Amino acid sequence: MSITVKDVMGRMAIAVREDAPFSDILTAMRLGAVGAVTVIDADRRPVGIVSEDDLLLKEAGDGRSGIPLFGARRRRREHEKAAGVTAAQLMTAPAVTVTPGTPVRDAARSMRDRRIKQLPVIDPVTGRVIGTLHQRDVLRVFTRPAAELEADVLAALPDPADTGGDLSVEVDRGVVTIRGRAGSVSQAAATAEALRAVDGVVDVVSKLDVAPEDRLIVPPLL
């Protein structure tokens with residue numbers, strides 16, 4: 001069973017309007033105990049994100065002198081943010097969003113690749129924000145009930161008819177140990193990868209026995 005955003009998301013969306021002033025953004029972060037807020041338009045659709053990093057540019061003083069004539073685009077954008085006073089001026093846009101049906105694994109990749117700590121969750125039909133997915137929500141997949149995790153691990157095993165024998169697994173605190181016989185080295189590797197793809201698996205220890213004739217034999221150098 002693939003775990004999706006709706007299984008772990010927070011049902012509260014901490015959001016501000018585009019015209020929200022600096023002080024209101026800080027208040028929303030404090031009351032929600034979050035490090036970023038979603039900026040929404042008049043229809044409650046996310047248009048950007050304001051994070052603590054965006055607000056810190058103000059304290060760093062980067063907006064107190066003229067906009068640099070030369071330099072990287074990122075440097076110029078940081079300068080503009082530091083001079084900003086409303087959410088629309090301070091935010092990073094566009095907002096990276098997920099839907100309730102997005103696999104948690106895909107959401108985690110977005111967070112990692114974009115170096116962000118939370119994602120607005122939107123209704124797939126209206127586009128309106130309905131919740132927030134935080135990093136701590138994603139990590140909840142590693143605290144799944146043991147029986148539930150083991151059931152998904154067993155379901156991910158290949159058919160015995162394809163492997164030439166039964167495989168057995170042991171799940172201990174998220175670490176899966178697999179034993180049995182694999183028909184080939186590639187099959188053993190594919191089985192281990194399939195188990196690693198199960199939400200909540202921390203690691204896979206493969207103790208599969210592979211038919212000797214399938215093992216790669218490197219001839220001696222002459």
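Two strands are counted as paired if DSSP finds at least two bridges between them. Helices (H or I, at least four residues) and strands (E, at least two) are DSSP runs, numbered from the N terminus.

The structure is a predicted model, in which local features need pLDDT of at least 70, side-chain atom pairs count only at pLDDT 80 or more, and totals for chains, interfaces and linings use all residues. Residues are numbered from 1 along each chain as its sequence is written, and side-chain values use heavy atoms, with hydrogens and water left out.

## Overall composition

The protein chain has ten helices and eight strands. Of its 222 residues, 37% count as buried, that is, under 20% relative accessible area, with exposed meaning over 50% and partly exposed in between (1.4 Å probe, protein chains only). The accessible surface of the protein chain comes to about 13,300 Å², computed by the Shrake-Rupley method with a 1.4 Å probe. Carbon and sulfur atoms account for 55% of that surface. Among contacts (heavy atoms within 4.5 Å) between residues at least 6 apart in sequence, 57% join residues at least 24 apart.

## The sheet β1-β2-β3

Strands of a sheet pair through backbone hydrogen bonds, either parallel or antiparallel. Three strands form an open sheet in the order β1-β2-β3, with mixed pairing. Strands β1 (15-17) and β3 (46-51) stand at the edges with a single partner strand each, so one side of each is left without a neighbour in the sheet. From one strand to the next, the twist averages 35 degrees.

Strand β2 (residues 36-40) and β3 run antiparallel and are joined by five bridges; valine 37 stands opposite valine 50 in β3. Helix α2 (residues 22-32) packs on this sheet and touches β1, β2 and β3. The direction of helix α2 makes about 125 degrees with that of β2, where axes are lines fitted to C-alpha atoms, for helices over the stretch in contact, and angles run from 0 to 180 degrees between N-to-C directions.

Strand β6 (residues 168-172) is joined to strand β7 (residues 175-182) by five bridges, and the two run antiparallel. Valine 171 has valine 176 in β7 as its bridge partner. These two strands form a hairpin with two residues between them.

Strand β7 is also joined to strand β8 (residues 203-210), in this case by eight bridges and in parallel. The bridge partner of arginine 179 in β8 is lysine 207. Between β7 and β8 the chain passes through helix α10 (residues 185-196), giving a right-handed β-α-β crossover. Right-handed here means that, with the strands pointing away from the viewer, the path from the first strand over the helix to the second runs clockwise.

## Backbone exceptions

Most residues other than glycine have a negative phi, and most peptide bonds are trans.

| Residue | Location | Phi |
|---|---|---|
| Alanine 33 | loop between α2 and β2 | about 50 degrees |
| Arginine 173 | turn of the β6 and β7 hairpin | about 50 degrees |

Alanine 33 is exposed, with a relative accessible area of 62%, whereas arginine 44 is partly exposed at 39%. The peptide bond from alanine 93 to proline 94 is cis, with omega near -5 degrees. Proline 94 belongs to the loop between α5 (87-90) and α6 (104-114).
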